[in-house]
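Below is a brief report on one protein model. It covers selected residues, packing and backbone geometry.

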Amino acid sequence: MKLLLSNDDGITAAGIHALAAELSKRHEVFVSAPATQQSAVSRAMTLFDPLRADRYCLPGLPEIPAYAVTGTPVDCVRLGLGNLFEKPDMVISGINLGHNLGTDVLYSGTVAAAHEAALLGYQAIAMSCCSFEPRHLDTAARVAAHMADYLSAHPLPFGTLLNVNVPDLPFSRLRGVKVAPICVEEYTLKYIEREDPRGRRYYWSPRERLTDAGDADVDERWSTEGYVTITPLGYDLTCYSSMRDMRIHWEEREPWKA
């Protein structure tokens, strides 16, 4: 297959190098990734500045065509699909350094890159390793190869992607795979407040995670128990359970005419 790779950690990140090394063993691989760190930018796009794409040589993989793009993950995917490369069979984003579990998917640039591809009609996967300092990126890369094979044989509907989280363990120690819904991830709300030498306050985003999934059947729980988690994600954010009462109120009663 022809595979387009991207991420949000940037083209110099170890995760995308591990992914490219593993997938290029059996597939034709191209890379369009951010020139700089773009974590948590979600679906942001660059509209008012030009994008530049510079050729980049992946360490140890000089044969893989790769570009460092001065934009967001969504920019990278759109530019890669529209300008830089031939049409691929699939788009894979990652391997993200750190999990993308639960509602983290709403903020993740890694997930957004895969989601953009899905919205453009491509099969897509978002891959994450559940450690910010992983020791076993080779495990996540091997899992990604299996996920690509699965998706090739079992394509998803339009606008749907696979969100995959892999524990940072040796491949032989993975407990298995769980297909699970996302949970609500909770983090400390209060920002870390500091003062600069001139007496002006500034703030750092808090990182402490408060989530406790307990024994719920959700991705957070299974990931912490050593399972690879897979969640199919769509694009439709409509809350259908609220629509019936709203339709009765606004469409049938027409309260503004009372």
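## Thr139 in helix H4

Thr139 sits in helix H4 (residues 137-153); helices (H or I, at least four residues) and strands (E, at least two) are DSSP runs, numbered from the N terminus. This is a predicted model: local features need pLDDT of at least 70, side-chain atom pairs count only at pLDDT 80 or more, and totals for chains, interfaces and linings use all residues. Residues are numbered from 1 along each chain as its sequence is written, and side-chain values use heavy atoms, with hydrogens and water left out.

Thr139 counts as buried because its relative accessibility is 0%. Buried means under 20% relative accessible area, exposed over 50%, and partly exposed in between (1.4 Å probe, protein chains only). The Thr139 side chain reaches the backbone oxygen of Leu169 at 2.6 Å. Beyond its neighbours within four places in sequence, Thr139 contacts (heavy atoms within 4.5 Å) Val166, Leu169, Pro170, Phe171 and Leu174.

## Nonpolar cores

A nonpolar core is a set of buried Ala, Val, Leu, Ile, Met, Phe, Trp, Tyr and Cys residues joined through side-chain atoms within 4.5 Å. The largest has 38 residues. Leu5, Val31, Ile92, Ile125, Met127 and Val164 have the most contacts inside it. H4 gives the most to this core, with 9 residues. Another core, of 21 residues, lies apart from it; Leu79, Leu81, Val91 and Val111 are among its members.

Val31 has contacts with residues including Leu4, Leu5, Ile11, Ile16 and Phe85, leaving out residues up to four places away in sequence.

## Helix H2

Which residues of helix H2 (residues 73-84) are buried? They include Pro73, Val74, Asp75, Cys76, Val77, Leu79, Gly80 and Leu81. Their cover includes strands S1 (2-6), S2 (28-34), S3 (53-55), S4 (66-69) and S5 (90-97), along with helix H3 (109-119).

## Ile230 in strand S11

Ile230 belongs to strand S11 (residues 227-233). Ile230 counts as buried because its relative accessibility is 11%. Residues up to four places away in sequence aside, Ile230 touches Met147, Leu162, Asn163, Val164, Val177, Lys178, Val179 and Ala180. Ile230 and Ala124 are 106 residues apart in sequence and 13 Å apart in space, C-alpha to C-alpha.

## Backbone geometry

Most residues other than glycine have a negative phi, and most peptide bonds are trans. Gly94 and Ile95 are joined by a cis peptide bond, with omega about -5°. Ile95 lies in strand S5.

Ala40, not a glycine, has a positive phi of about 65°. Ala40 is in the loop between S2 and S3. Ala40 is exposed, with a relative accessible area of 57%. Ser42 is also in the loop between S2 and S3; its phi is positive, about 55°.

Notes. A polar contact is a pair of N or O atoms within 3.5 Å; within protein, one must be able to donate a hydrogen and the other to accept it, and residues adjacent in sequence count only if both atoms are side-chain atoms.
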